[in-house]
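Hi there,

Here is the structure I promised to pass on to you.

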Amino acid sequence: MLVTLAICLAICLIFVVSKLYIKSTRKGCPNPDKDGFCIKDDVLIGYTGLKRKITIPSNVRLIDSNAFNKEMKRGRHLEVVIVPGTVKEIKGSAFNNSSLSELIIKEGVEKIGMHPFVDSYINVVWFPKSIKEIGKGRILDCSEGCYTKNTIYVYENSYMDNYFKKNKYSHNR
């Protein structure tokens with residue numbers, strides 16, 4: 001009887017540990033598709049794939065917070081992300097702790113949340129004319145000594161152009 005109980009406990013322990021391991025490696029992205037995108041309804045929760053360049057799928061309307069956070073094992077291999085105009089909102093902290101060479105946000109994206117690129121090493125960012133709202137706080141805050149020579153492209157007299165002028169960022173128009 002004691003042996004049976006010990007075997008049952010051992011099996012339960014193995015089951016629990018394996019579940020915890022799987023959960024920790026996916027970090028809130030339990031069922032990524034074959035390309036590594038974790039999408040629930042129309043929200044991109046995270047990207048766990050291995051590609052270096054991706055375009056967000058056209059069925060995504062919102063990119064969630066920490067979707068590309070390397071510390072959460074998301075977007076670790078990415079160099080270029082293209083956000084199509086079918087995405088309407090990028091939540092705050094969506095690209096925290098990422099290190100992309102280029103982020104291209106296409107025409108159609110309308111809203112960017114607070115601190116979307118905090119502590120990130122993104123070299124080039126392209127902003128469309130369609131952005132009409134951005135969350136409070138500086139868009140490129142960096143408390144960890146990140147690369148500060150970003151190249152930022154905006155359209156002259158656009159919302160983002162005015163945002164960067166107001167906040168004393170240098171950028172290309």
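This is a predicted model: local features need pLDDT of at least 70, side-chain atom pairs count only at pLDDT 80 or more; totals for chains, interfaces and linings use all residues.

Let me start with the nonpolar cores. The largest one has 33 residues, and the members that touch the most others are I56, I63, F68 and F127. Four elements each supply two or more residues to this core: strand 2 (43-47), strand 5 (80-83), strand 7 (102-105) and helix 2 (159-166). Helix 2 gives the largest share, with 3 residues. There is also a second, separate core made of 5 residues, among them C29, C38, I45 and L62. As a general background note, nonpolar side chains tend to be buried together in soluble globular proteins.

Beyond its neighbours within four places in sequence, I63 is in contact with L44, I56, F68, V83, V87, E89, I90, K91 and A94. The strands involved are strand 4 (residues 62-63) and strand 6 (residues 89-90), which run parallel and are joined by 2 bridges.

Six strands form an open sheet in the order 1-2-4-6-8-10, and the pairing is mixed. Its edges are strand 1 (37-40) and strand 10 (133-134), each of which pairs on one side only.

Strand 5 has pairings of its own. Strand 3 (residues 53-55) runs parallel to strand 5, with 3 bridges between them, and K53 has V80 as its bridge partner there. Strand 7 also runs parallel to strand 5, joined by 4 bridges, and I104 in strand 7 stands opposite I82. Which way do the side chains of strand 5 point? V80 and I82 point one way, V81 and V83 point the other way, and all of them are buried.

Finally, have a look at S120, which sits in the loop between strand 8 (111-112) and strand 9 (124-126). Is S120 buried or exposed? S120 counts as buried because its relative accessible area is 7%, under the 20% cut-off. A polar atom of the S120 side chain lies 3.3 Å from the backbone nitrogen of N97. The backbone nitrogen of S98 likewise lies 3.3 Å from a polar atom of the S120 side chain.

Terms used:
Residues are numbered from 1 along each chain as its sequence is written. Side-chain values use heavy atoms; hydrogens and water are left out. A nonpolar core is a set of buried Ala, Val, Leu, Ile, Met, Phe, Trp, Tyr and Cys residues joined through side-chain atoms within 4.5 Å. Buried means under 20% relative accessible area, exposed over 50%, partly exposed in between (1.4 Å probe, protein chains only). Contact means heavy atoms within 4.5 Å. Two strands pair if DSSP finds at least two bridges between them. A polar contact is a pair of N or O atoms within 3.5 Å; within protein, one must be able to donate a hydrogen and the other to accept it, and residues adjacent in sequence count only if both atoms are side-chain atoms.
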